[in-house]
Structures are given as structure tokens and as C-alpha cells.
Amino acid sequence: MVDAAAMVFPSPAPVPGLPAMVSVYEVGPRDGLQAEKAVLPTEVKLEFIHRLQQAGLRSIEATSFVSPRWVPQLADADELMAGLARQGSVRYPVLVPNERGYDRARAAGAEEIAVFVSATERFARENLGTTRSGALELAAPVVRRALADGVAVRGYVSMCFGDPWEGRVDPAQAAAVAGRLVELGCRTVSLGDTIGVATAGQVVEVLDAVTAAGVRRDQIALHFHDTYGQALTNVLAGLHAGITEFDASAGGLGGCPYAKSATGNLATEDLVWLLTGLGIDTGIDLTVLVCTSVWMAEQLGRPSPSRVVAALASGAGIDPPAPAAGR
Ligand code: HMG
Ligand code: MG
């Protein structure tokens, strides 16, 4: 166990003009685990989700109903949903690529979904086997059916800032796709820096373009990966621009199986440390969260890449696990 008393939390120093509260949208069980080499047993994934909800996370993307041939790590989505010990205040959205995925998700009891498209042509092909507009066509009937069923829909736009094959992405491309997702009826659009190349000025540029396409700031979430260590700086740029929802992954799990240069998502612990330091309420207990990530690192047999997890765990006398052979 991590000794809570040994932890030193950041001293809150609020900055005028920033929000009092921020929603943290946890993607570890989906975005994180889909990219791990190890395929974890369903019971371990369930324990992960249950620990996350104990830590105070209120939006936990639980799994995805994609082709098990494309993402074998999450092939147990139906079983996982059946095993969830749901808490009334927690939302468990799931990722859905097409109508087949929507049928499976609903049969498994999903009450909230996320569709995903790409700002670039090449990633639409790599990730969904289609084109940019083809991805929107796959998403459209899913969103329509979800709205008719009273199911809330989030829309992801990947590669909003840079693409490993196409290079820098014109903000107008991200804006056009995000605008279309909102037109279709997505409640939130999450703008993804899938390979973690975004810089703070670019965040402002993309947000301005997306807003000009008719998307309100309160409909936008930001999804950063931390490849170049810029994720927190980018969050700060987003906060100053009025964004109040950020995606993150406990312990910095993740990457993307179809974008080889993507490393882990922004770690939830790093995000919570920043927000707590700014006096922004997240409702998350950092101690419970760090304990969860230390436990998950043991399941995966490698240390968490999160600086906050490493610092708090070692401050409490916990050695992160050494990488295990064969995993
Ligand atoms: P496909 O192979 O091009 O198309 O896959 P298909 O329609 O010909 O289907 C092939 C087989 O898959 C068929 O089975 C279908 O029935 C089956 P077969 O007849 O050969 O036995 N199939 C399905 N099975 C289960 N569930 C389904 C489903 N759909 C078809 N829903 C497809 C097209 C869209 C299915 C595939 O490309 C796919 O599953 N892609 C998902 C890839 C993925 O999950 N990527 C990671 C998530 S995105 C991400 O991480 C980015 C994000 O985090 C934000 C960011 O960072 O930017 C969101
Ligand atoms: Mg991602």
C-alpha cells in the first residue's frame, strides 16, 4: 500500500480566469489497454475499473466494441460489461465503430457510446479501413440510432494536430470533421492529439478553427498523448481557452495500435496534480488513483511512465515493479 501520509500534494495557487471545476474523462481501460502487448484477464480489467471509480473518476471509458481481430486486447467487451459493479454516479461509455458495434454495445447494456473518426485520410484508412468521409458515414447511422434510443454520444476526432504519414494537419480539417460530428448530434467532441505532437499555440489555433465551425467550447474535450512531454502544457492552453473536459489515462497507459509513433496518453495523475495545483476541483482522490496505477503496473509487469505516479510511489517507499521478462 502507498502510505497516504507520506505524500506531499501540490499547494493550490488558483489563477484568475480558470474554471473552478474540470471533468476528467478516464480512458485507461479502453485507450490504455487496447495498446498493451499483454492481454489482461477480464477480472483484472474489472478490478481496474472498480478501483478507478473508487478514486472518484465519474466517466470511465470501459472498453470498445470493435472487431476483435483488429483489437484482440478488448475482445472480452461483452463479458466485461456484464461484470461491471456499476455505481449510480459513474458513466461507462464504450467505443463503437459501426452499427454492428452499436448492436453489441447495447446488448451488453451500454448506456453511453463514443464514435471515432479522423481528421486525416491516411489514419481513417489505418484505423478504420475507410476514408475520412467513409468514417463519418460509418458513424452517422450509429449516432442517429443512439439519439433515438436516448444514448449519449461522444465523437472523437483523431490526428487533429499532426499525423505520422501526412505531417502537420491543417486545423480546418479537424474543424470540418468536428463540426460534422456535432451536427450529427454528438454531445461532446474530443479533439485527439493521437501521436502527442501538439504544441500550446497549435491548441489555440485548432480550438479557434473548431469554434468557427460552430462547436461551442463547452462541447469540446481535449485528448492529449504525452510523446514529447507537452501534454500538460497543452492542457493549460486549453484551460485558458475555456475548455473544461480533458481525457487522461491512469498511470499514462496507452498509445494507439494503429499509429506506431503514439506513446501513452496523458497520465490522469499528472493531470490531477496540475489541476489540484491550480485549485481546480476534479473530485479525484490522488492517493487512491496512484495506488491503482502501482497495482496496474504490477499486472503489466512494467513501471508506469507517469512522473507523478513514480514520485508519489517512491516518496512512500514503493518501488515501481521491474519489467518482467516475456511480456
Ligand atoms: P474491416 O475488416 O475493414 O471491415 O473492419 P469488415 O466490415 O469487412 O469486417 C471484418 C470482420 O469484422 C467481419 O467478420 C465483421 O463481421 C467483423 P468476419 O465476417 O470476417 O468474421 N466486424 C465486427 N466484429 C465485432 N464488432 C464489430 C465489428 N465490425 C465488423 N463492431 C472495422 C472495419 C471498423 C470493424 C475495423 O476497422 C475496426 O474494428 N477498427 C477499430 C480499430 C480501433 O479500435 N482502433 C483504436 C481506437 S481509435 C483510437 O484509439 C483513437 C482515440 O483514442 C482518439 C485519439 O487518440 O486520437 C479514440
Ligand atoms: Mg487516444
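**Close-up views of a predicted model**

**View 1. Ala 178 and its contacts.** Apart from neighbours within four places in sequence, Ala 178 contacts Val 157, Val 189, Leu 191, Val 210 and Val 215 (contact: heavy atoms within 4.5 Å). This is a predicted model, in which local features need pLDDT of at least 70 and side-chain atom pairs pLDDT 80 or more, while totals for chains, interfaces and linings use all residues. Residues count from 1 along each chain as its sequence is written, chains are lettered from A and ligands numbered from 1 in written order, and side-chain values use heavy atoms, without hydrogens or water. Ala 178 sits in helix α7 (helices are DSSP runs of H or I, at least four residues; strands are E runs of at least two; both are numbered from the N terminus). With a relative accessibility of 0%, Ala 178 counts as buried (buried is under 20% relative accessible area, exposed over 50%, partly exposed in between, for a 1.4 Å probe and protein chains only). Ser 158 is 20 residues away from Ala 178 in sequence, and their C-alpha atoms are 10.0 Å apart.

**View 2. Helix α6 against helix α7.** Helix α6 spans residues 132-148 and helix α7 spans residues 171-184. Their axes come within 9 Å and cross at roughly 25° (axes are lines fitted to C-alpha atoms, for helices over the stretch in contact; angles run from 0 to 180 degrees between N-to-C directions). The two helices, α6 and α7, are therefore roughly parallel to each other (under 35 degrees; over 145 is roughly antiparallel, 65 to 115 roughly perpendicular, the rest oblique). On the α6 side, the contact uses Arg 132, Leu 136, Ala 140, Val 143 and Leu 147. On the α7 side, Gln 173, Val 177, Arg 180, Leu 181 and Leu 184 take part. By class, seven residues of this contact are nonpolar, one is polar and two are charged (nonpolar: Ala, Val, Leu, Ile, Met, Phe, Trp, Tyr, Cys, Pro; charged: Asp, Glu, Lys, Arg; polar: the others, Gly among them).

**View 3. Met 159 in a loop.** Met 159 lies in the loop between strands β6 (152-158) and β7 (162-163). Its phi is positive, about 55°, although Met 159 is not a glycine. Most residues other than glycine have a negative phi. Met 159 counts as buried, with 0% relative accessibility.

**View 4. The magnesium ion.** Ligand 2 is a magnesium ion coordinated by three residues: Asp 31 through OD, His 223 through NE2 and His 225 through NE2. The distances run from 2.1 to 2.5 Å (donors are N, O and S atoms within 2.8 Å of the metal, or 3.2 Å for Na, K and Ca; water is not among the atoms, so sites may look incomplete). Along the sequence, the donor residues follow the spacing D-x191-H-x1-H. Both His 223 and His 225 are buried.

**View 5. Helix α10 and its packing on helix α9.** Helix α9 (residues 231-240) packs on helix α10 (residues 268-277) at an angle of about 45°. The axes of α9 and α10 lie 11 Å apart. The pair α9 and α10 is therefore oblique. Leu 232, Val 235 and Leu 239 of α9 meet Asp 270, Leu 271, Leu 274 and Leu 275 of α10. The contact of α9 with α10 holds six nonpolar residues, no polar ones and one charged. Eight of the 10 residues of α10 are buried, so α10 is largely enclosed by the rest of the structure. Among the buried residues are Thr 268, Glu 269, Val 272 and Gly 277. The buried residues of α10 pack against β1 (23-26), α9, β11 (245-248), α11 (286-300) and α12 (307-315). Just after α10, Gly 279 has a positive phi of about 75°.

**View 6. Ser 249 between β11 and α10.** Ser 249 lies in the loop that runs between β11 and α10. Ser 249 is buried, with a relative accessible area of 0%. Gln 34 is 215 residues from Ser 249 along the chain, with 12 Å between their C-alpha atoms.

**View 7. Met 81 in helix α3.** Helix α3 (residues 77-83) contains Met 81. Met 81 counts as buried at 3% relative accessibility. Not counting residues up to four places away in sequence, Met 81 touches Ala 62, Thr 63, Phe 65, Arg 86, Tyr 92, Val 94, Ala 108, Gly 109 and Ala 110. Val 66 is 15 residues from Met 81 in sequence and 14 Å away, C-alpha to C-alpha.
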